[in-house]
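Hi,

Here is the structure I promised to send over. My notes on the loops, the pocket, the ligand and the cavity follow below it.

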Amino acid sequence: MTDPAVARERMVADQLVARDIDDQRVIDAMRRVPRHLFVPETSVDEAYDDTPSPIGHGATISQPYIVAFMTQALALEPTDRVLEVGTGSGYGAAVLAELAALVTTIEVVEELADEARQRLQDREHEVLVITGDGTLGYPDGAPYDAISVTAAGRSIPEPLLEQLAMGGRLVMPVGRRVEELVRVTRTPTGDVSERLLAVRFVPLRGRHGV
Ligand code: SAH
């Protein structure tokens, strides 16, 4: 069996650094989180492959590169409060938690939320896993310095924009069939929107979903 640490170093070098992941904190976070523990019943090699993988209930754990790309785009500070919509396996939340002060993540499928909560509870950085409709955000923890949405919708849910702090960044795949990762940055003179990358994600459900 491949040593997970070796597989992880190879993933970082071949899939991240060889592309455009150059934020050293993101690289180190991807080095630390044991991805194979978040992908049920796959081999270590498969867990570190350059692809998304099914995790049941129509969900996927995102490709490592996409997790790194979204995390880098969020430009996290150690004091940041972060909201993730679409917990899935919990892997993305674990990566975010390496870089921010507080991570809250919401998952609509109860079984996935329960499994992710279990996986995340043994980690050093605490993550709050909420079961529910993430398109409503989580007002109790607002405002957020960063919001990461890991399922695709036609537009950015209004409640999430309401819960974004001044200076905050939100990253989400937007579109139908053809999706683009969009980043919204809140500035004193208004929200700035940028298209970053063409992507494929599972659909965002819920009140403000597709
Ligand atoms: N970040 C995840 C990837 C999850 S895939 C990881 O690292 O594994 C997208 C997830 O979004 C799925 O688990 C899906 O169930 C969830 N989802 C879809 N619509 C949602 C909504 N309205 N609220 C919360 N989660 C949602």
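Pro143 lies in the loop between β5 (127–131) and β6 (144–149); helices (H or I, at least four residues) and strands (E, at least two) are DSSP runs, numbered from the N terminus. The peptide bond leading from Ala142 into Pro143 is cis, with omega near 0°. Another loop, the one between α2 (24–32) and α3 (44–47), holds Glu41. Glu41 is not a glycine, yet it has a positive phi of about 50°.

Before going on, some ground rules. This is a predicted model, in which local features need pLDDT of at least 70 and side-chain atom pairs count only at pLDDT 80 or more, while totals for chains, interfaces and linings use all residues. Residues are numbered from 1 along each chain as its sequence is written, and side-chain values use heavy atoms, with hydrogens and water left out.

Now the pocket. On a 1 Å grid over the protein atoms alone, a pocket is an open set of points with protein on both sides within 12 Å along at least five of seven lines, a cavity is a set where a 1.4 Å probe fits but cannot get out, and lining residues have an atom within 4 Å of a point. The largest pocket has a volume of about 680 Å³, a volume being the space filled by probe spheres set on the points, which are joined across faces, edges and corners. Its lining consists of 42 residues, and Thr60, Gly86, Thr150, Ala151 and Val202 lie nearest the centre. Two or more lining residues come from each of β2, α4 (64–73), β3 (81–85), α5, β4 and β9 (190–199), with α4 giving the largest share, four residues. By class, the lining has 20 nonpolar, 17 polar and five charged residues; Ala, Val, Leu, Ile, Met, Phe, Trp, Tyr, Cys and Pro count as nonpolar, Asp, Glu, Lys and Arg as charged, and the others, Gly among them, as polar.

Where does the ligand sit? The ligand sits in the largest pocket, meaning that more than half of its atoms lie within 2 Å of the pocket's grid points. Elements giving two or more residues to the shell around the ligand are β2 (59–61), α5 (91–97) and β4 (102–107), and β2 has the largest share with three residues. There are 26 residues around the ligand (one heavy atom within 4 Å), and Ser89, Gly92, Glu107, Gly134 and Arg205 come nearest.

For the polar contacts (pairs of N or O atoms within 3.5 Å), a ligand nitrogen is 2.8 Å from a polar backbone atom of Arg205. A ligand nitrogen is also 3.1 Å from a polar backbone atom of Gly86, and one is 3.4 Å from an N or O atom in the side chain of Thr150. Taken alone the ligand exposes 590 Å², and the protein buries 98% of that (Shrake-Rupley, 1.4 Å probe).

Finally, the structure holds one cavity of 30 Å³ or more. The largest cavity is lined by Asp23, Arg25, Val26, Thr71, Ala75, Leu76 and Leu99, that is, four nonpolar, one polar and two charged residues.

Best wishes

How values were computed: A polar contact is a pair of N or O atoms within 3.5 Å; within protein, one must be able to donate a hydrogen and the other to accept it, and residues adjacent in sequence count only if both atoms are side-chain atoms.
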